[in-house]
Amino acid sequence: MSEPKKLYIKTYGCQMNVYDSERMAEALGGAGYVETATPDDADMILLNTCHIREKAAEKIYSELGRFRGLKTARPDLTIGVAGCVAQAEGEEIMRRQPMVDLVVGPQSYHRLPELEAKARSGEKALDTDFPAEDKFEHMPARPKAKRAPTAFLTVQEGCDKFCAFCVVPYTRGAEVSRPAARVLAEARDLVERGVREITLLGQNVNAYHGASDGGDWSLARLVRELARVDGLDRIRYTTSHPNDMEDDLIAAHGDEPKLMPYLHLPVQAGSDRILKAMNRKHTAEQYIRLIERIRAARPDILISGDFIVGFPGETDADFADTMALIRQVGYGTAYSFKYSARPGTPAAEKALVDPQVADARLQELQALLAEQQRATQESMVGRDVSVLFEKPGRQPGQMVGKSDYLHAVHVADDTIAKGDIRRVRITRSGTNSLAGTLVG
Ligand code: SAH
Ligand code: SF4
Ligand code: F3S
């Protein structure tokens, strides 16, 4: 038997890229590759990239530059670029970095083995089509090996919302849901391999409408069906759009114990004028009422969000509205970004806010969000939570896991094994994690 070839994959961007990288590694496994942790001895280097902000996209070119030495020393090394930069700038990548052999967009991953063979034969391989067939139906069956207790599972991909700032509808294409039966089968497989928590992924995951024998399934229906899978103890989903937050999903948060009390529900801004310019198609008030309904169903739910500051035309008054919304909602955690103009998006045509003003606003907003995060963590002290333990902590005898609310929790106790779910009393809140002791 010939030596297996070595594959080095580096993943940027969102959780969907993490899932895709796993699937790509599995597909290339069929072509004789095993993963390696360093690029130095790799036969193939694959960057799975993100195009969401300018910095993320530009980083890929400098990253590629660092592999020039390796490619010169070993011309038969295959260098590939996948993900959203590949989709958006495929030809430009090949032009700016001639050492790149292969470019593959997110909807063509099932063609990766063919593309790899083409690149290996010395030809350039580029595929940024949006093929009619579903890539997941054409990817190899997943291996049966034991795996970590938590997993991502893509159920929906692409976006039809066209927020004025966002590249995702262009890089991932139109919204498509995977059939419910396929999702359930994959989930059962994951559980057999030791998975106890699954996070369902989609750019607009709550817009899920998977075809099934019984018609179209909503995300709520899918969650309820997954909850019946023995051995699957926790279900999460991300990312949701406020306008797709239907009543049945809100109800599931109230009465489905396996659905975890954590919801990432981005609003981006708190000013109606800016929300309109962003094409978000809802007002600040509608979002706040929605949060109230979700909290009525599940009072302890932890809300997380995304914010963009310095969107074109944002005034001090608009920014004050965003700060007011944050105070009113109270976020357990949140991600915030300075607006980045993305080529091809409608907002990119508009004049930028003074970068110094945008920087100052971002700082002010992040200080408020950090304070809310700290207060939320502090409020956990003295409470009992369930923790799914994932790996050893830094100190001897310590294990780290995630609470139902997705806080990292450290516990020093040598009776805890990886994959255990245990009740933990929180005793201390640190900067980015909690600590506690086992209950009972
Ligand atoms: N589908 C998700 C998020 C997609 S991108 C949603 O609808 O919310 C993740 C986050 O990146 C977005 O929520 C937004 O806050 C941020 N983002 C997207 N485009 C951006 C841009 N051009 N500049 C700055 N931040 C951006
Ligand atoms: Fe981008 Fe808006 Fe679609 Fe989210 S909903 S992926 S922010 S266009
Ligand atoms: Fe980035 Fe593409 Fe995800 S642009 S955030 S990797 S969908």
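**Helix packing and overall fold of the predicted model**

Helix α8 (residues 219-227) packs against helix α9 (residues 247-255) at an angle of about 30°, and their axes lie 8 Å apart. Because of this angle, α8 is roughly parallel to α9 (angles under 35 degrees count as roughly parallel, over 145 as roughly antiparallel, 65 to 115 as roughly perpendicular and the rest as oblique). Axes are lines fitted to C-alpha atoms, for helices over the stretch in contact, and angles run from 0 to 180 degrees between N-to-C directions. The crossing of α8 with α9 is left-handed, meaning that the near helix is turned anticlockwise from the far one by less than a right angle. On α8, the contact is made by L219, A220 and R224. On α9, D248, L249, A251, A252 and D255 take part. Contact means heavy atoms within 4.5 Å. The residues of this contact comprise 5 nonpolar, no polar and 3 charged (Ala, Val, Leu, Ile, Met, Phe, Trp, Tyr, Cys and Pro count as nonpolar, Asp, Glu, Lys and Arg as charged, and the others, Gly among them, as polar).

The model is predicted; local features need pLDDT of at least 70, side-chain atom pairs count only at pLDDT 80 or more, and totals for chains, interfaces and linings use all residues. Residues are numbered from 1 along each chain as its sequence is written, chains are lettered from A and ligands numbered from 1 in the order in which they are written, and side-chain values use heavy atoms, with hydrogens and water left out.

The axes of α11 (residues 284-297) and α12 (residues 316-329) come within 11 Å and cross at roughly 10°. These helices are therefore roughly parallel to each other. A284, Y287, I288, I291 and R295 of α11 meet L325, Q328 and V329 of α12. This contact has 6 nonpolar, 1 polar and 1 charged residues.

The protein has 13 helices and 21 strands. Both are DSSP runs, numbered from the N terminus: helices are H or I, at least four residues, and strands are E, at least two. Of its 440 residues, 55% count as buried (under 20% relative accessible area; exposed is over 50%, partly exposed in between, with a 1.4 Å probe and protein chains only). The C-alpha trace spans about 60 × 60 × 50 Å along its principal axes.

K391 lies in strand β17 (residues 384-392). K391 is partly exposed, with a relative accessible area of 48%. Not counting residues up to four places away in sequence, K391 touches M399 and V400.
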